[in-house]
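Thanks for taking a look at this one with me.

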Amino acid sequence: MKNKKNKTFYGILLSWVVLACVGTGGVFAQGQEPGGEMDPELRQEIMYIKGLNELRLQQYSAIVLEKIKNKYPEAALQVKVLELEQKLSTGKFEEVKAIIAKEPNQNSAETWAMKLALADAYYAWGKYPEAKGLYLAFFKQYPKGPPSELNKFYSDSAYRYARMLIIAGDKPGALEAYNIMLKADLPDYVIRQIYGEKGELLVELAEDTTDKTKKADYIKQLNEVTEELLWKQDLWFGKGIVYLAHVKMMQGDYDGAMDLVSEYKPQLKQIDQILKEQTEETGVDMTRLSPLAECRYMMGDIMLKQAQKLMKQPDYDKAEVINLLAGKKKEDGKRSPGALVHFINVFVGYPNTAWAPESGEKAEVVENILIDDFGANIKKNVTPEQMEKVKIAQFAGANTLYKQNRFKEAAKEYENVLNLFPEGEQSLNALVNLLDCYYMEDEELMTEAMLNQIAECYYAYPEYNMKAGDTILKMAQDYNSRKMLAQEAATYDLFFNYYTNHVRAPSVYYSFGDKKLEAEDPAGALPYFEAIRENYTGTPIWNAAMNKIATIYDEKEDYTNEVEVLDEYVAGLESKEYPGQEYITAMYRLANVTRKMGGNANLGSSYKMFVSLYKILSDEPNLKKYQKTPEDAKLNSEIKEAALFYQGLCLAMIETSNEDVNKKYKLKAIELYNQLVDEYPKSEFGPSCLSQVGTLYTLFDDAKGAQDALTKLKEMYPESEEAKNANFVLAINLLELGRRRQAVILFKEMFAGTGNYSAGQILMAGEELAKAKEDDIALEAFTKVPEMTDSPGTIQKALLGQAKIYSKQGNHDKAVAVLTELFEKYPTNAYTVEASLLLSKSYLELAVNEPDAKIRGQYFTDAVVAMKRVRLYAAKDPKLKIKSDMDVAIIQLKRAEAEEKFGGSAEEVKKYKDMALALYKMITFTDPNSPGAAPYIEEAYLRSFPLMMEAELYEDAYLDADEYFRLFPNGRYASEIRSAKNSAKIKLSAEGKPLPKIEVDYEEE
């Protein structure tokens, strides 16, 4: 200090400042020792341990604790309490209660120290009722004050108890808690603090009550407090002046309040100056403790109220109102401080005080009066920098509470300050923290409202877009961690609605699409990839999305849409200076899918694309545009060979009404095939080329040309499948070229045994014929195979092939016979699951059309038995399990329908429908994120609704509809299930029943 006479005052002030700046609720626990001085080094170690516990670093605090045990044996009680606090910091309340329960003397000082540590932890975790019970039990043990060994715990607990009751809104209880604390042995500076805080509480109680008796009692107590505070000139002296001014205001003596503040203004300014100097020295804003700030607020408030009172009178003195609001004009033309100056001074000069927010609001009220009623031109001189400082200061208290995980209290603080500062960077930060507060306190509606506010208010501002979007994504992930899937989906929808320009939006869309693909839901994946296609053209992720879209359409054999996508994909890549290998692959895919569509026009377009590809890849100087790595070069070389092959294939497949034109194209195809073999003799397409040449010569009835080609095939590629199965491949080629009659002749020769063909070749022929939908001749192949071999695998495959064709043709009895033979010969085989599913289906088809009840019942039983064989393999395959559950449910439902059709009893019908419904319900309990489960779960919901409505389970139907939309907000059956929900709602309304509400449970991670 610069002034010697202030040293004593400064020392007292500083001691209180250190105490007050530690933080509400942890004053004495942080190292102050009301009941006596503690070794400074020990105090430091204890503070360090507590800090480590707060940071959840118990493994490190344990090391420090061991050090204290050895170095300070006299601190045994503190050590024991610290050990409990370590456990309590991670929420192990029950474990600590068990430890305390084992103490032999439940009323000993040591045990109560442990109980108070538990109470403090309850308080810190927001478990106020539990904390209150322990605090009160302790205080009752010592109605006249604590023994010396418990003095610190007593005072700490009383203080926390007081703060807890204030938070809970129990101000009278908090007042009593301060009185309890004053029974402890406390240093003078702590006693003054308690009186000071008690005075503040009495002011609030007196101003809040309308009961005259209570108000008078509170004012009486407040006068007693001020007597305690005014005997020494320190910081609390200033607060005493403030409290006296409050008393005069509550008694209606506004002039007296103003005079009191004016009388003691020098002392108040002296305190304020010391706080400012300390702020400069320490870097910590001590001005938040200044009583001058509150006094200036009070003076402004008095002036505003007097002005408002005058303005209610007719013909009021306008000059007097202006003097009160703007200040009186002095001889030099300047004005003395009026209400506006006082409010702005507090708002800007003391941003950390509790009075700043109200000062800001009331300054605006004064401004509006001066402008609207008196046409004033107001110049406040508040800079953006000052305003930002005010914002930071005002949010500081809420931020501190938030960091302490005191979410409910923090939320209230944020709400108050956000009303004052609804916009800007600090406000967005506060909104984000407020959102988290609501979420942590399970305030679902407020969480949802806050999410919408952040999304809608900040998406259009580039400077805030990133943080706001990230916040929404984080909340979606938080919902996911709690298994709140409907809220998660709604939050992602919010992101997609407002933040398509967010830097993470493309990757989020892509990840959603990928997850749908992993769940084997390509239809669900498509919209996400399509969003990338529409909004993010030219980005790397756009290329990947286009690739995925094309693949989805290809797997659906939706070649029309696939061509459209690939065409756009190729055009996008082509526009780049260096299209890369990706362009070559995309163009190759486009040419191939165009070929698959068939028809002369498509084959012609495909041919031209393959020609173009071949030319591009033959232009050596320009290849650097399409390949960068050896891997690219290798892939391009393979595509170049393929382009040559498919040129020939496209020409060979074109069929016009002009035979000369057809022959011309096919001869050109032969030329291309031969070119490929000559230029690339080691090409993987070589065998196919010569096989195709032989086929084309066969079409021309050129036996020599065909034989030469096949001879060359066997010489050049003796180990190829085409060489080993030349006639078989020839037949397949004829089939692909549309020459069914000629292909069938060759196949029949194979089956008739006129050639030297193995059972494997005949089986392969049957499979290829089945793919080509030549079922009758394929059946011949499958029937012949078991006669030719003893190989179990080959026979099993042939029998399964027979059964598939019989089932496809509707010959279910034959399918059953063949599959029964399969299982009799090979009870366990390589095709058990597939064969069992087919057998169950065949029995089911026989059952639904069987009028004889006994036979019908046996068929249904056999269908279920076959499905049970499937379930033996389902344990390791979740998708197979849910499919088998669905199939069994369908069997039960079909059985109910069959009973109805053939006159079965109502009881039987109901029994089977109930069994089906139970299975459908069981399926809906499956985790929708399980691979392949989602489509079956959706179908189970769809199939269960008619059964529930028929059984008059309207509440169940209504709730299940809600659950469906929670799990599948954009589900495939949304319209059907919405209709079912409405039907259930109508039925419930007709019965006069309220609509049920769905309750969402989740497991903590």
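1. Ground rules. This is a predicted model, in which local features need pLDDT of at least 70 and side-chain atom pairs count only at pLDDT 80 or more, while totals for chains, interfaces and linings use all residues. Residues are numbered from 1 along each chain as its sequence is written, and side-chain values use heavy atoms, with hydrogens and water left out.

2. Helices α39 and α40. Helices here are DSSP runs (H or I, at least four residues), numbered from the N terminus. Two packed helices are described by the angle between their axes and the distance between the axes. Helix α39 (residues 775-788) packs against helix α40 (residues 792-808) at about 150°, and their axes are 8 Å apart. Axes are lines fitted to C-alpha atoms, for helices over the stretch in contact, and angles run from 0 to 180 degrees between N-to-C directions. The two helices are therefore roughly antiparallel to each other; angles under 35 degrees count as roughly parallel, over 145 as roughly antiparallel, 65 to 115 as roughly perpendicular and the rest as oblique. The crossing of α39 over α40 is left-handed, a term used if the near helix is turned anticlockwise from the far one by less than a right angle.

3. What sits between them. On the α39 side the contact includes L779, F782 and V785, and on the α40 side it includes I795, A798 and I805. Contact means heavy atoms within 4.5 Å. By class, the contact of α39 with α40 has nine nonpolar, four polar and two charged residues. Here Ala, Val, Leu, Ile, Met, Phe, Trp, Tyr, Cys and Pro count as nonpolar, Asp, Glu, Lys and Arg as charged, and the others, Gly among them, as polar.

4. Helices α47 and α48. The axes of α47 (residues 954-967) and α48 (residues 974-990) cross at roughly 150° and come within 8 Å, and α47 passes α48 in a left-handed crossing. Among the residues in contact are Y958, A961 and F965 of α47 and I977, A984 and L988 of α48. This contact of α47 with α48 divides into 10 nonpolar, no polar and six charged residues.

5. Helices α13 and α14. How do these two cross? The axes of α13 (residues 254-263) and α14 (residues 265-282) come within 5 Å, with a crossing of roughly 60°. That makes α13 oblique to α14. V261, S262 and E263 of α13 meet K265, P266, Q267 and L268 of α14.

6. Aromatic pairs. Rings of Phe, Tyr and Trp (its six-membered ring) pair if their centres lie within 6.5 Å; planes under 30 degrees apart count as stacked, over 60 as edge-to-face and the rest as tilted. The count comes to 38 aromatic pairs. One of them is F139 with Y161, a tilted pair at 5.6 Å centre to centre and 50° between the planes. F139 lies in helix α7 (residues 128-141) and Y161 in helix α8 (residues 151-167), so this pair ties together parts that are 22 residues apart in sequence. F139 counts as buried at 6% relative accessibility, and Y161 is buried at 5%. Buried means under 20% relative accessible area, exposed over 50%, and partly exposed in between (1.4 Å probe, protein chains only).

7. An aromatic cluster. Y492, F495, F496, Y499, Y509, F512, Y528 and Y536 form one aromatic cluster. F496 and Y528 are both buried.

8. Two buried residues. A158 belongs to helix α8 and is buried, with a relative accessible area of 0%. Beyond its neighbours within four places in sequence, A158 contacts F139, A177, I180 and M181. H502 lies in the loop between α24 and α25 and is buried, at 1%. Leaving out residues up to four places away, H502 touches N465, M466, G469, D470 and F495.

9. Positive phi. Which residues are worth a second look here? D315, not a glycine, has a positive phi of about 55°; D315 lies in the loop between α15 (291-311) and α16 (318-326) and counts as exposed at 81% relative accessibility. E520, also not a glycine, has a positive phi of about 60°; E520 is in the loop between α25 (505-518) and α26 (522-535) and counts as partly exposed at 38%.
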